[in-house]
4 protein chains.
Amino acid sequence: MDPTAPPAAPNAAGITKNRLEAFSDGVLAIVITLLAIELRPPEVEEGHSLASALWDQWPSYLAFVLAFAQIGVIWLNHHRLFQQVRVVDGKLLLLNLNLLMWITLIPFPTAVVAEHLREGGEPARTAVAVFSAVLFVTAVGFTALYTWITHDARLVHALPPRADVVAARIRFGIGLAAYGLAIGLAFVVPYAALAIHAVSAAYYAFDQASFTASDEGAS
Amino acid sequence: MDPTAPPAAPNAAGITKNRLEAFSDGVLAIVITLLAIELRPPEVEEGHSLASALWDQWPSYLAFVLAFAQIGVIWLNHHRLFQQVRVVDGKLLLLNLNLLMWITLIPFPTAVVAEHLREGGEPARTAVAVFSAVLFVTAVGFTALYTWITHDARLVHALPPRADVVAARIRFGIGLAAYGLAIGLAFVVPYAALAIHAVSAAYYAFDQASFTASDEGAS
Amino acid sequence: MDPTAPPAAPNAAGITKNRLEAFSDGVLAIVITLLAIELRPPEVEEGHSLASALWDQWPSYLAFVLAFAQIGVIWLNHHRLFQQVRVVDGKLLLLNLNLLMWITLIPFPTAVVAEHLREGGEPARTAVAVFSAVLFVTAVGFTALYTWITHDARLVHALPPRADVVAARIRFGIGLAAYGLAIGLAFVVPYAALAIHAVSAAYYAFDQASFTASDEGAS
Amino acid sequence: MDPTAPPAAPNAAGITKNRLEAFSDGVLAIVITLLAIELRPPEVEEGHSLASALWDQWPSYLAFVLAFAQIGVIWLNHHRLFQQVRVVDGKLLLLNLNLLMWITLIPFPTAVVAEHLREGGEPARTAVAVFSAVLFVTAVGFTALYTWITHDARLVHALPPRADVVAARIRFGIGLAAYGLAIGLAFVVPYAALAIHAVSAAYYAFDQASFTASDEGAS
């Protein structure tokens with residue numbers, strides 16, 4: 001292949017990898033931005049200050065930060081994964097659309113948490129459980145996409161070493177287990193479930209920050 | 001044409017194919033993401049649980065999934081079609097803007113279905129009929145775009161074999177007939193009309209998944 | 001300049017033409033899509049059908065189509081103009097941001113028209129006048145951008161022939177006069193003002209459709 | 001590096017500079033467009049005209065223009081900065097995501113100002129202080145990103161001359177001081193704080209406009 005060829009090569013399904021990434025990036029950019037439109041100016045009740053009314057909305061801010069971190073991490077991992085992809089087939093397209101569908105859902109349970117966390121009791125438990133469940137299914141969708149892409153050498157530039165694939169699958173397994181645990185915990189101590197989401201996002205962020213520009217490889 | 005020329009060649013109307021695709025992708029990414037902002041935290045009535053209130057919103061989830069699948073399929077087909085396009089003329093631009101206009105409408109009838117499906121009776125019938133009608137007109141817009149692009153060899157890299165064009169037009173005809181049938185059915189059994197939309201999306205998904213990376217052609 | 005140089009050449013202000021176009025396209029794609037979120041499922045009053053409630057929203061549909069056509073035309077003209085641009089300077093960046101600001105405003109007067117047109121009287125007149133005024137100022141912003149870009153040869157690939165620039169400025173002048181007329185007419189016959197907007201969009205569409213792929217020039 | 005290599009070189013974290021810019025541009029385009037959806041058709045009270053109701057919304061228009069100018073300036077500076085970036089490391093990705101998070105927040109305090117400025121008293125002071133504080137933290141995020149990128153030569157094409165970096169840091173310091181001053185002033189004279197934001201945006205705009213296409217450098 002001529003390295004000066006301007007666009008990526010078309011694939012059987014007529015969708016290039018570039019287009020798939022651009023579309024996915026568009027959806028992710030919109031979802032991560034829409035999280036903030038849940039933040040609305042509060043109603044200020046008679047005899048209360050705007051400052052206290054804003055403060056009372058803290059579950060909304062917490063939910064915003066948690067969801068922003070989760071989607072930011074998904075974006076980072078999505079790109080890291082597609083860096084390895086060479087061609088796109090039909091199943092990959094569908095698995096990617098499936099993943100995007102769950103991602104676009106995330107603002108909904110985020111809003112449910114923002115609205116019901118402070119009530120405590122059943123609403124708080126249900127809200128956090130639904131939030132955790134959507135993140136769990138999103139992680140399942142990501143795992144499915146990863147598994148399909150790496151299941152043989154057709155779709156990638158070079159299949160990663162077997163040990164790396166196994167290690168990645170173990171990491172995915174641990175991630176899924178953590179989200180599953182969060183669903184269960186939500187019914188007992190909702191805040192503990194949210195803490196798991198915070199820790200998992202922070203772990204990925206820390207992991208990400210450990211990459212340095214010096215190991216950029218052959219460019 | 002020099003393969004090292006950096007951007008796509010400008011056309012008479014001053015819009016390159018790349019720009020047209022990027023703009024269309026942007027609109028499609030936004031529309032598919034906006035579908036989810038119809039999903040709102042439910043009002044929980046005195047003595048009811050949040051869980052049951054969330055469950056009661058199932059028509060919203062169903063409408064979301066159906067509309068997401070339809071727009072996902074439109075995105076796949078839009079790209080498959082533009083893969084063949086070489087230059088863009090004025091009529092193509094207008095036919096594409098017309099298609100985008102109907103696509104941006106889709107969240108509106110989706111919200112109407114989500115709000116009125118459970119009421120049954122006239123509201124459910126009307127809601128599903130309007131949803132089906134917007135999908136029907138969208139399909140008409142897509143067919144018009146396809147017909148213009150393939151009506152002679154000016155706009156495409158290579159005109160597909162006559163048999164393929166005929167086969168595609170038959171498929172479009174069947175698709176239009178299915179959407180038309182759904183409009184009619186909506187007035188009798190709204191759920192059956194929705195089932196037609198689910199089946200049609202699943203058909204396209206299955207069809208799509210049958211493409212394999214091995215037939216990627218010369219890249 | 002080496003034609004194989006991968007990205008567009010950076011300019012003094014550090015913004016390439018490609019980025020400016022991508023950002024403008026993003027804003028235009030979002031604005032044109034947001035027009036449709038003004039379309040909401042109607043409240044159905046006791047004893048009325050959903051069908052009649054949907055029908056009663058016709059001013060919303062009319063406003064949507066008019067605004068979609070106007071923004072579609074702006075997108076077409078924006079690209080046609082930037083096709084000629086070679087480098088970007090600071091004033092061009094500011095004039096483009098100014099244009100984008102007025103464009104992002106368009107959904108607001110569109111919603112005002114949708115809500116108040118049927119009331120007639122002062123609300124209808126004011127709504128249509130505000131809609132016309134925002135389109136007028138948008139056209140002023142576009143004219144300013146065009147005038148700056150073509151005022152000498154620094155920014156463009158090749159200055160268009162003097163006669164073309166004069167012809168374009170006359171067309172802009174006629175356009176501005178039409179929008180100005182619409183503002184005035186809005187205070188007398190609001191529907192006549194809307195008709196001017198419909199005619200102007202149709203004129204541009206017709207004008208656009210007259211370009212053919214055969215005069216694509218040297219590519 | 002071969003100048004004909006089509007995409008930017010991948011980095012360790014699997015995210016190219018192009019992708020990072022495209023994602024950031026997407027988020028900025030959406031945020032700047034969402035500012036306008038705060039502008040809603042006003043409720044017209046019995047005996048009042050639509051014109052006066054629209055006029056009474058002037059704090060919304062003021063907040064829209066101020067926020068649009070701030071985000072426009074951020075976009076200009078973001079691109080000017082990334083023009084110098086050669087490779088992307090993990091910390092840069094996180095610092096950029098942090099900046100984007102604060103930027104996506106901006107429509108929220110903008111809406112708070114729009115809703116509470118006219119009330120005067122505590123609500124106006126708090127609203128403007130929160131608006132100023134979010135802009136302050138955004139500026140901190142931008143400064144952190146700039147400082148990381150220019151702290152040694154690994155990430156950039158060429159480290160700017162030391163004097164330029166020092167000058168830029170002084171400018172950032174003055175900017176932060178101005179935003180900090182605005183937070184303080186908000187508690188005394190809210191309108192003076194808004195004036196500072198207007199002046200700072202105008203300063204950047206004027207500064208930007210001073211770049212001319214003639215010093216575009218070697219392209």
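B:His116 is buried in this predicted model, with a relative accessible area of 3% (buried means under 20%, exposed over 50%, partly exposed in between; 1.4 Å probe, protein chains only). The residue belongs to helix α5 (residues 107-116) of chain B; helices are DSSP runs of H or I with at least four residues, numbered from the N terminus. Its side chain makes a polar contact of 2.7 Å with the side chain of B:Glu119 (a pair of N or O atoms within 3.5 Å, where one must be able to donate a hydrogen and the other to accept it; residues adjacent in sequence count only if both atoms are side-chain atoms). Beyond its neighbours within four places in sequence, B:His116 is in contact with residues including B:Pro123, C:Pro42 and C:Leu50; contact means heavy atoms within 4.5 Å.

The model is predicted, and local features need pLDDT of at least 70, side-chain atom pairs pLDDT 80 or more, while totals for chains, interfaces and linings use all residues. Residues are numbered from 1 along each chain, chains are lettered from A and ligands numbered from 1 as written, and side-chain values use heavy atoms, without hydrogens and water.

B:Val188 is exposed, at 62% relative accessible area. This residue sits in the loop between α7 (162-186) and α8 (190-209) of chain B.

In chain C, Tyr191 lies in helix α8 (residues 190-209). C:Tyr191 is partly exposed, at 43%. Leaving aside neighbours within four places in sequence, C:Tyr191 contacts C:Trp58 and C:Leu117. C:Ala124 is 67 residues from C:Tyr191 in sequence, yet their C-alpha atoms are 9.1 Å apart.

Technical notes. Helices (H or I, at least four residues) and strands (E, at least two) are DSSP runs, numbered from the N terminus.
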